[in-house]
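Points are grouped by topic.

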Amino acid sequence: MTIGLEHYLILSAVLFSIGLFGALAKRNAVVVLMCIEIMLNAVNIAMVGFSRFWGLLTGQVFAVFIMTVAAAEAAVGIAIIIAIYRSRQSVDVGEVDLMKW
Amino acid sequence: MNFDLLTPELGLCGTALLVILADLVVERKTVLAGLSVVGLLVAIGLTLWLWGQGPATAFGGMLVMDQFALFFKLILCGAAILVILSSVDYVSKFPRFQGEYYGLILFSAVGMMLMAATRELVSIYISLELASISLYILAGFLKDHRSSEAGLKYLLLGAVASAVLLYGMALVFGFSGTTHLDKIAGMVGSLEGLGANPGLLLGIVLMVAGFGFKIASVPFQMWVPDVYEGAPTPITAYLSVASKAAGFAVILRVFITAFGEPAWLSQNWGMLFAILSALSMTVGNVVALAQGNIKRMLGYSSIAQAGYLMVGLAAVGRGPGDFIGQSSILFFLASYALTNLGAFIAVIAISNKVDSDLIDDYSGMARRAPLLALALAFCLISLTGIPPTAGFVAKIYIFYAGIKQDLLWLVITGVINSVISAYYYLRVVRVMYLGAPAAEEGVPSSGALRTALGLCSLGVLVLGIVPGVLIGVAEAVKFLMP
């Protein structure tokens with residue numbers, strides 16, 4: 001069996017779904033950030049797979065940009081989580097509920 | 001490489017760095033606000049100069065400086081100036097990091113200006129993230145309970161939304177083999193029907209979801225009330241105006257350039273936006289009725305306003321080649337920017353004094369601060385859409401665009417919603433004018449804030465009485481089509 005584009009796409013779709021589920025269902029803010037990373041990496045797999053399929057570098061360049069931006073986003077995310085932890089000794093997103101309608 | 005096309009953005013980046021550095025040595029912190037405003041005025045000047053130069057592309061077609069992009073740059077720079085002027089009082093209470101505050105506003109302005117000017121998926125993503133990450137930090141800037149909660153919610157939901165957007169971009173790239181919008185258009189144009197390429201269609205729908213988050217459309221609106229309530233008020237104003245304008249700029253560019261042809265496709269995404277528009281108007285207005293906090297109420301109102309704006313998007317999709325949908329969105333965004341900023345600036349001034357955002361605490365404000373209350377009432381009347389204000393003209397124009405494309409049901413929904421919205425907007429006016437004042441002392445405000453509020457109110461009035469000039473500009477503004 002040869003590994004073709006569809007295998008990469010299925011892997012990417014499965015990873016993306018796992019990440020999306022985790023981001024919506026998990027309660028620990030750090031784990032939510034990790035799930036977002038999974039989603040972004042699922043996108044990267046799809047990008048690189050398509051890139052190879054078309055014989056273009058664009059998808060790989062896109063993946064590099066996504067990794068860079070994801071690093072910046074994670075840094076800001078961790079900083080905000082630390083600010084929250086300092087003020088209420090918890091990073092449970094269920095407890096971050098001062099404001100609700 | 002024609003770097004002169006990028007001078008407004010480069011100038012703003014330079015100003016942002018300069019402001020952060022100046023914060024280290026300057027004692028009088030108002031200088032920082034002055035410096036930022038000067039940088040933005042220079043950027044406006046350069047943008048006007050580029051307007052005279054005519055459309056051009058840069059970096060191999062990644063960026064395009066056409067009138068459409070320049071129009072949005074003017075709106076965004078203007079909004080940033082008003083936000084910075086209204087921040088001066090607010091920021092003077094910060095013990096540290098005032099330079100970073102102004103710097104981040106400028107960086108996110110650069111991101112949004114690039115968003116309006118990109119014609120390529122990679123650069124759309126990068127500029128969107130440049131704008132968003134700066135805003136995540138600004139939303140959590142106060143580091144108290146509410147502000148960090150707003151920052152966290154905005155960051156987590158924003159990151160999920162941008163991951164969804166990226167997955168959509170990956171699919172669009174994968175099934176068309178290019179990231180340039182004009183080349184995607186060539187590929188999409190040859191599609192036969194809805195079932196011809198399901199992967200590409202899924203990509204388009206996921207991109208709608210990602211952009212829908214930016215413009216705060218239902219069902220991607222759940223972050224709006226919490227972030228609006230918790231973030232520093234000037235940043236809330238900035239979010240509600242600039243981030244939404246940039247989101248609409250990207251949506252218009254992507255959907256007209258890449259997915260404008262064939263006709264069946266644009267009919268379908270036009271209908272998708274029409275449904276989202278009806279939902280946003282209804283949910284935003286109905287939930288706003290129950291709000292007691294004015295920032296939260298304005299948050300739900302901005303969801304409803306996104307709904308009115310999407311009437312224009314639906315019109316664009318239903319009638320490709322007819323520019324009235326696009327020009328009505330441009331006019332609506334300009335008048336909405338002035339109106340909403342005016343309302344928020346008045347809220348900033350009042351909450352600086354009474355230290356509360358509850359509508360009940362605005363009781364009798366007309367006697368304590370007659371001019372502020374008048375300006376706030378005027379802006380709320382404009383948001384409702386009552387003449388002689390900009391909001392009235394904008395709503396008529398955008399509903400006219402809808403009727404012209406046979407979207408009568410949507411326009412009727414919009415009109416019913418305007419009536420609902422009158423209740424909660426005018427409730428604030430009633431509380432201010434008929435309620436008994438809780439205290440006798442007035443509400444002091446700085447000259448910068450009064451200038452900003454005066455400019456907004458004047459703009460709302462002028463656009464309400466003589467809208468012709470701006471409508472003429474909005475109708476003349478065109479994309480550079482490939």
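**Backbone exceptions in chain B**

B:Asp355 is exposed, with a relative accessible area of 66%. The model is predicted, and the values given here are computed from it. Most residues other than glycine have a negative phi, and most peptide bonds are trans.

*Positive phi*
- B:Asp355 is not a glycine, yet its phi is positive, at about 60 degrees.
- B:Asp355 sits in the loop that runs between helix H13 (324-354) and helix H14 (365-368) of chain B.
- B:Asp406, also not a glycine, has a positive phi of about 60 degrees.
- The loop holding B:Asp406 lies between H16 and helix H17 (408-434) of chain B.
- B:Asp406 counts as exposed because its relative accessibility is 69%, and the cut-off for exposed is over 50%.

*Cis peptide bonds*
- The bond from B:Val218 to B:Pro219 is cis, and its omega is near 5 degrees.
- B:Pro219 belongs to the loop between helix H8 (198-214) and helix H9 (224-230) of chain B.
- B:Pro387 and B:Pro388 are joined by a cis peptide bond with omega about 5 degrees.
- In chain B, B:Pro388 falls in the loop between helix H15 (370-384) and helix H16 (390-404).

- Helix H2 (residues 29-54) of chain A packs against helix H6 (residues 145-176) of chain B at an angle of about 10 degrees, and the axes are 9 Å apart.
- H2(A) is therefore roughly parallel to H6(B), as angles under 35 degrees count as such.
- The contact of H2(A) with H6(B) has 25 nonpolar and 3 polar residues, and no charged ones.
- The crossing of H2(A) past H6(B) is left-handed.

*Chain A as a whole*
- Chain A has 3 helices and 0 strands, in the order α-α-α from the N terminus.
- Chain A is more spread out than a compact globule, because its radius of gyration is 17 Å, well over the 13 Å that the globule rule gives for 101 residues.
- The C-alpha trace of chain A spans about 50 × 25 × 25 Å along its principal axes.
- Among the 101 residues of chain A, 39% count as buried.

*Cysteines*
- B:Cys13 is partly exposed, with a relative accessible area of 26%.
- A:Cys35 is buried, at a relative accessible area of 8%.

Technical notes:
Residues numbered from 1 in each chain as written. Chains lettered and ligands numbered in written order. Predicted model: local features only at pLDDT ≥ 70, side-chain atom pairs only at ≥ 80, totals over all residues. Heavy atoms only, no water. Buried < 20%, exposed > 50% of the residue type's maximum accessible area, 1.4 Å probe, protein only. Axes fitted to C-alpha atoms, helices over the stretch in contact; angles between N-to-C directions. Helix = DSSP H or I, 4+ residues; strand = E, 2+ residues; numbered from the N terminus. Parallel < 35°, antiparallel > 145°, perpendicular 65-115°, else oblique. Left-handed = near helix turned anticlockwise from the far one by under 90°. Nonpolar A, V, L, I, M, F, W, Y, C, P; charged D, E, K, R; others polar. Rg over C-alpha atoms; globule rule 2.2 N^0.38 Å.
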